[in-house]
Amino acid sequence: MSLSLYRKYRSQTFDELVGQEPVVKTLKNAIATGRIGHAYLFTGPRGVGKTSAARLLARAANCLSEGPDKPCNECANCIAAGRDIATDLIEIDAASNTGVDNIRELIERAQFSPSVWRTKWYIIDEVHMLSVSAFNALLKTLEEPPPHVSFILATTEVHKVPATVASRCQRFDFRRVPLKAMVDRLDWVCQQESIEVESGALELVARQSTGSLRDALSLMDQLRVFSEGKITLAEVQDMLGASGSERVAEFVDHLLASDLASGLRLVNSVLDEGLDVRQFNHQIVEHLRQLMLIKSGAAQASGGSLLDVTEEMRRRMEVQAENVALPDLLRWTKVFAEADAELRSTAYRQLPLEMALVSAILPPVPDAVPAPERAVESSKVVNPSERPRPIASAPTAPPVAQRREPVQEKETLGAPPPMHVDLSEFANGNHATDITTPPNEDIGGSGSSSDPAELPPEDEDTGDELSRLRKLWPHLLDQLNARSRNMAAVFRDPAQVRPFAVNGKTVTISFRYPIHAQRARGDQQRRWVEQSLGNTLGYPCLLETITFDEEGRGPKRDGDAEGGKLAPRAQKEKPPAPHETPRGRAVMNTFGVEKFEDD
């Protein structure tokens, strides 16, 4: 039985550890200076060389060579470790030895001196699988181990290791192997094994392994058996169900050229070839992300390039980045990233990807009319006089020639007066002013039966804000409904509640029934209404309420006494006292009282 490639080509020196330069440099310096610690914690993704580095460190610490390069792999200790027959190098799989009894046995054996090596080494793999009791049993030994014992703890999930254990170890974080370094390593392995392979196939294998060299070598093992001679890109795509970077770059070229037909044909060809459409979409998003890095100038970082691509693909991506604007890249990335969720659950196979392509190529349609939420939900408080006027595309009142003739409104509704009435007329006693409201007027509309010459001037903030409040009244109802459904129900009836005027930050609302106005003036209800008005108009508002008589005449401000200077109606006759009514007198006679306490 032949060894698998990842076992056969396990790193035998520190220089063969691919993509872990910071870790290698630190460990080599520690060996050269003799400052080897008693406990190490190696953490990182799977298949990046944690266990290999642990073995190399144990071997180098006991290497008999006098040379600077350790391990030498020639002395007796290095050869024994390479053949897995070193008695003083003990590897433990914590996934199958999780209990406290296993750790106690390990601690007891650690008390014995090494048989051959200078230092006995314990490598505990997947250490996060240990139980809490096992960690507690290991804690004291990790803090003060025997002078002839060292520990290396390896894990892929360092967050599961107790902080008390991690703090007693020197921690080394292993990173994913970069694409170029992995391709070079795979190419070297193929040369050693006399395997013919295309460079594009190696790149796809490296991408599919997502930074794990062990996974990449396992895939190469499968491909060596799968192919009949030279490993080609098509064979790799066939086996993995993935598309090469060339196909992704071709797709992006169609996107840049706004060639919808070619882009759709490519998507369908990917599906016809049996490739995974969702995997193809992932590669598109990653390609667009790297184009954003190039376009924004962030591709070259201080620690090296952020692009995980070959040099040939880098040059092609730089050309693509020159022919696209950064906002378009951002929009495209969002579109294809959002398509991933639909591809996961859809029954229509490639349809979400095709729709994403169409959405990306078609120019974005600007909103003709801003939605109320976008128009008014602003956290910035602005002065009404400084707020810009509505845009020209906003809905305005229909021309006078197109307005329908008003139809007489039913008297029983008691329609409120028009929205632009000056209250000073009532203060001066001019109660005969015509304040009838145009019938069939919708709360959100802005129609008026008055002549245009009689409308308030355009620069008057009151009339403009009032019209705006009328248009946004449905949004006000939504805001109010979220706070009080009962109040929203009252405000939703135009026969009972209508906006009356907007003067500065004071909004006057007219109520048909005094009980509704009184309720709106309550502390909590007033707060709800003012908050809803503020969210609707975009600035803090104060509420003022007025009421009308049954005939729709005569506003009376909140707080005014009956018959005050703004009261349009004659004072009603004062109701009789309780003791003056027949029922009251009967009660007084029954209980023998002469007067009610409230009289």
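These legends describe close-up views of a predicted model.

**View 1. Helix α12 packs against helix α14.** Helix α12 covers residues 245-256, and helix α14 covers residues 277-296. Two packed helices are described by the angle between their axes and the distance between the axes. For α12 and α14, the angle is about 65° and the axes are 10 Å apart. The two helices are therefore roughly perpendicular to each other. Their crossing is right-handed. From α12, the contact takes in Arg247, Val248, Ala249, Phe251, Val252 and Leu255. From α14 come Phe280, Gln283, Ile284, His287, Leu288 and Leu291. By class, this contact of α12 with α14 has nine nonpolar, two polar and one charged residues.

**View 2. Helix α12 also crosses helix α13.** Helix α13 runs over residues 260-272. The axes of α12 and α13 come within 8 Å and cross at roughly 155°. An angle over 145 degrees counts as roughly antiparallel, so α12 and α13 are roughly antiparallel to each other. The crossing is left-handed. On the α12 side, the residues are Arg247, Glu250, Phe251 and His254. On the α13 side, they are Ser262, Gly263, Leu266, Val267, Ser269 and Val270. The contact of α12 with α13 divides into four nonpolar, four polar and two charged residues.

View 3. Helix α5 covers residues 100-110. Its buried residues are Ile103, Leu106, Ile107 and Ala110. An α-helix has 3.6 residues a turn, so residues three or four places apart point the same way. Asp101, Glu108 and Arg109 are exposed on the other side of α5. Several elements cover the buried residues of α5, including β2 (89-93) and β3 (120-125). Helix α6 (132-143) and strand β4 (149-155) are also among the covering elements.

**View 4. Asp340 is a buried residue in helix α16.** Helix α16 spans residues 326-345. The relative accessible area of Asp340 is 13%. Buried means under 20%, so Asp340 is buried. Which residues does Asp340 contact, leaving aside its neighbours within four places in sequence? They are Arg278, Asn281 and His282.

**View 5. A cis peptide bond joins Lys70 to Pro71.** Omega of this bond is near 0°. Pro71 sits in the loop between α3 (50-61) and α4 (76-82).

**View 6. Asp84 has a positive phi.** Asp84 lies in the loop between α4 and β2. Its phi is near 60°, a positive value in a residue other than glycine. Is Asp84 buried or exposed? Its relative accessible area is 56%, so Asp84 is exposed.

**View 7. Ser194 is not a glycine, yet its phi is positive.** The phi of Ser194 is about 55°. Ser194 is found in the loop between α8 (179-192) and α9 (199-208). At 66% relative accessibility, Ser194 counts as exposed.

Definitions and conventions
Residues are numbered from 1 along each chain as its sequence is written. This is a predicted model: local features need pLDDT of at least 70, side-chain atom pairs count only at pLDDT 80 or more; totals for chains, interfaces and linings use all residues. Side-chain values use heavy atoms; hydrogens and water are left out. Axes are lines fitted to C-alpha atoms, for helices over the stretch in contact, and angles run from 0 to 180 degrees between N-to-C directions. Helices (H or I, at least four residues) and strands (E, at least two) are DSSP runs, numbered from the N terminus. Angles under 35 degrees count as roughly parallel, over 145 as roughly antiparallel, 65 to 115 as roughly perpendicular and the rest as oblique. A crossing is left-handed if the near helix is turned anticlockwise from the far one by less than a right angle, and right-handed if clockwise. Contact means heavy atoms within 4.5 Å. Ala, Val, Leu, Ile, Met, Phe, Trp, Tyr, Cys and Pro count as nonpolar, Asp, Glu, Lys and Arg as charged, and the others, Gly among them, as polar. Buried means under 20% relative accessible area, exposed over 50%, partly exposed in between (1.4 Å probe, protein chains only).
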